[in-house]
Each structure stands twice: as C-alpha cells, then as structure tokens.
Amino acid sequence: MNKGLIIIISGPSGVGKKTIIDQFINDPMLNLCYSISMTTRSPRIGETHGVDYYFVSEQEFYNSVKENKLLEWAEFAGNKYGTPIDAVYEKINQGKNVILEIEVVGAMNVMTRLEKNEYKSIFIAPPSIEELEARLKKRNTESDEKIKQRIKKATEELKTINNYDFVVLNDISSRAANEIRNIIKAQIR
Ligand code: 5GP
C-alpha cells in the first residue's frame, strides 16, 4: 500500500483556512483526515477538546516538546500550537492523506524537516490585508488588541508565500475550496 501524503495548508489567521478545509475534508475521492493540533489557547465557544484541538496546559505542552512528540510547533499571538507527530505517521502509514492546518512558522519548520516527497504545501492568501481585518472583526472571537496583533503578523506571513508549492487566493471560499480539491486530487498517489 502506498503511504499517504502530508498536505500542509497555511496562511494568515482569519484567511478562512478552516472554512475552506471543511468543504472538502470528507470528499471520499481524497481519502483525507485532519491532524488535530495541541494548543495552550483556551477553547472558544463551540470548540471541543479532541475534535478542534487538544487544549492543554503550558506544562503539558512543554513536556510534549521535550519528549519530541510534536512534528512542529510555534508560538502564535501569545499561545502555543503544535502537531502531534504519532497521529500523523499512523495515518500516513495507513495510506491516508493528512491535512495540517497550521500557521507559517510551523509550516516552514515542517517543510524543512520532511523529505520533499512526503508533503505538498498550499498557502491560502487573502484578497487584501483590509479584507482580512474585516473578516477577523466579523468572526468576533478576538479582542481588538488581538486582532491588531494578528494583522501585524499577517503582513509578515504574506512574505513567505514563495516557499509553497501552491498559492490559492481566497476570493470566494467555495471557489478556493474547489481549487484546493483539484490540487489535492492531482497530487495524491
Ligand atoms: P486559532 O487560535 O485561530 O485557532 O489558530 C491560530 C493560528 O494557529 C492559525 O493560523 C492556525 O492555523 C494555527 N495553528 C493551528 N494548529 C497549529 C499547529 O499545530 N501548529 C502551528 N504551527 N500552527 C497551528
């Protein structure tokens, strides 16, 4: 059986990564599963431990880093986020393709760490920074201060765009989801 492919999907916070991924994650043609990250961030209303994230303490996160249990990790807007490594390889070895929905520092780290034939990377770009700010405000999950932090960060993140195999513009979410669906279909083994 062929091993699955790791599909890194990155881009600024608020660009709509999750909304786009949700539109194709269950497509039976793609044989995908979603890597559930570990974070020290508090759950938002509607988020469930073990579904959206594993919500852990600073100490638990620190232990996971120390014990090499994370494929990558990064600090983002005051919280830590990381990809549990065992779950990824378990799925890959079963022939499943694994989606990593991660911010850009972590994405750079995985791309450095993995062999080129193990992954494909996709950057989702916002139509503009102004549009991104409007989306973050509309989402209403962060304070104004946090939104400011995330926007400042997004400007830096956009500079890394050339490191990805594919760049997809999120002008209309269903269109972007279709484009990514087609990219994945063409890349999986
Ligand atoms: P949020 O707090 O909005 O859920 O996530 C903040 C950022 O962290 C988003 O850009 C999200 O894609 C990213 N993120 C989620 N999980 C991980 C992870 O395991 N590793 C890294 N590096 N970033 C992650």
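These exercises, with solutions, work through rings, a pocket and a core in a predicted model.

**Exercise 1. Classify the pair formed by phenylalanine 61 and tryptophan 73, and find which elements the pair ties together.**

Step 1. Count the aromatic pairs: the structure holds five.
Step 2. Take the geometry of phenylalanine 61 and tryptophan 73: 5.8 Å centre to centre, with 70 degrees between the planes.
Step 3. Apply the cut-offs. Centres within 6.5 Å make a pair, and planes over 60 degrees apart count as edge-to-face. The pair of phenylalanine 61 and tryptophan 73 is therefore edge-to-face.
Step 4. Phenylalanine 61 lies in helix 2 (residues 58-66), and tryptophan 73 in strand 5 (residues 70-76), so the pair links parts that are 12 residues apart in sequence.

**Exercise 2. Decide for phenylalanine 61 and tryptophan 73: buried or partly exposed?**

Step 1. Recall the limits: buried is under 20% relative accessible area, and exposed is over 50%.
Step 2. Phenylalanine 61 has a relative accessible area of 1%, so this residue is buried.
Step 3. Tryptophan 73 has 34% relative accessibility, so this residue counts as partly exposed.

**Exercise 3. Describe the pair of phenylalanine 76 and tyrosine 81, then name the cluster that holds Phe76 and Tyr81.**

Step 1. Phenylalanine 76 and tyrosine 81 pair edge-to-face, at 6.2 Å centre to centre and 75 degrees between the planes.
Step 2. Both phenylalanine 76 and tyrosine 81 are buried.

**Exercise 4. Find the rings over which the charged ends of lysine 18 and lysine 116 sit.**

Step 1. For lysine 18, the ring is that of tyrosine 34; the charged end is 5.1 Å from the ring centre.
Step 2. For lysine 116, the ring belongs to tyrosine 119, and the distance to its centre is 4.2 Å.

**Exercise 5. Characterise the largest pocket by volume and lining.**

Step 1. The space in the largest pocket is about 870 Å³.
Step 2. The lining has 37 residues; Gly14, Lys18, Arg44, Glu101 and Arg139 are the closest to the pocket centre.
Step 3. Sort the lining by class: 15 charged, 11 polar and 11 nonpolar residues.
Step 4. Trace the elements. At least two lining residues come from each of helix 1 (17-22), strand 5, strand 6 (79-84), helix 5 (129-139) and helix 6 (144-157).

**Exercise 6. Which element gives the largest share of the largest nonpolar core?**

Step 1. The core has 25 residues, and Ile9, Phe24, Ile99, Ile180 and Ile184 touch the most other members.
Step 2. Elements that each supply at least two core residues include strand 1 (6-10), strand 8 (119-125) and helix 7 (173-187).
Step 3. Helix 7 gives the largest share, five residues.

Definitions and conventions
Residues are numbered from 1 along each chain as its sequence is written. This is a predicted model: local features need pLDDT of at least 70, side-chain atom pairs count only at pLDDT 80 or more; totals for chains, interfaces and linings use all residues. Side-chain values use heavy atoms; hydrogens and water are left out. Rings of Phe, Tyr and Trp (its six-membered ring) pair if their centres lie within 6.5 Å; planes under 30 degrees apart count as stacked, over 60 as edge-to-face and the rest as tilted. Helices (H or I, at least four residues) and strands (E, at least two) are DSSP runs, numbered from the N terminus. Buried means under 20% relative accessible area, exposed over 50%, partly exposed in between (1.4 Å probe, protein chains only). A charge sits over a ring if NZ of Lys or CZ of Arg is within 6 Å of the ring centre and within 35 degrees of the ring normal. On a 1 Å grid over the protein atoms alone, a cavity is a set of points where a 1.4 Å probe fits but cannot get out, and a pocket is an open set with protein on both sides within 12 Å along at least five of seven lines; lining residues have an atom within 4 Å of a point. Grid points are joined across faces, edges and corners, and a volume is the space filled by probe spheres set on the points. Ala, Val, Leu, Ile, Met, Phe, Trp, Tyr, Cys and Pro count as nonpolar, Asp, Glu, Lys and Arg as charged, and the others, Gly among them, as polar. A nonpolar core is a set of buried Ala, Val, Leu, Ile, Met, Phe, Trp, Tyr and Cys residues joined through side-chain atoms within 4.5 Å.
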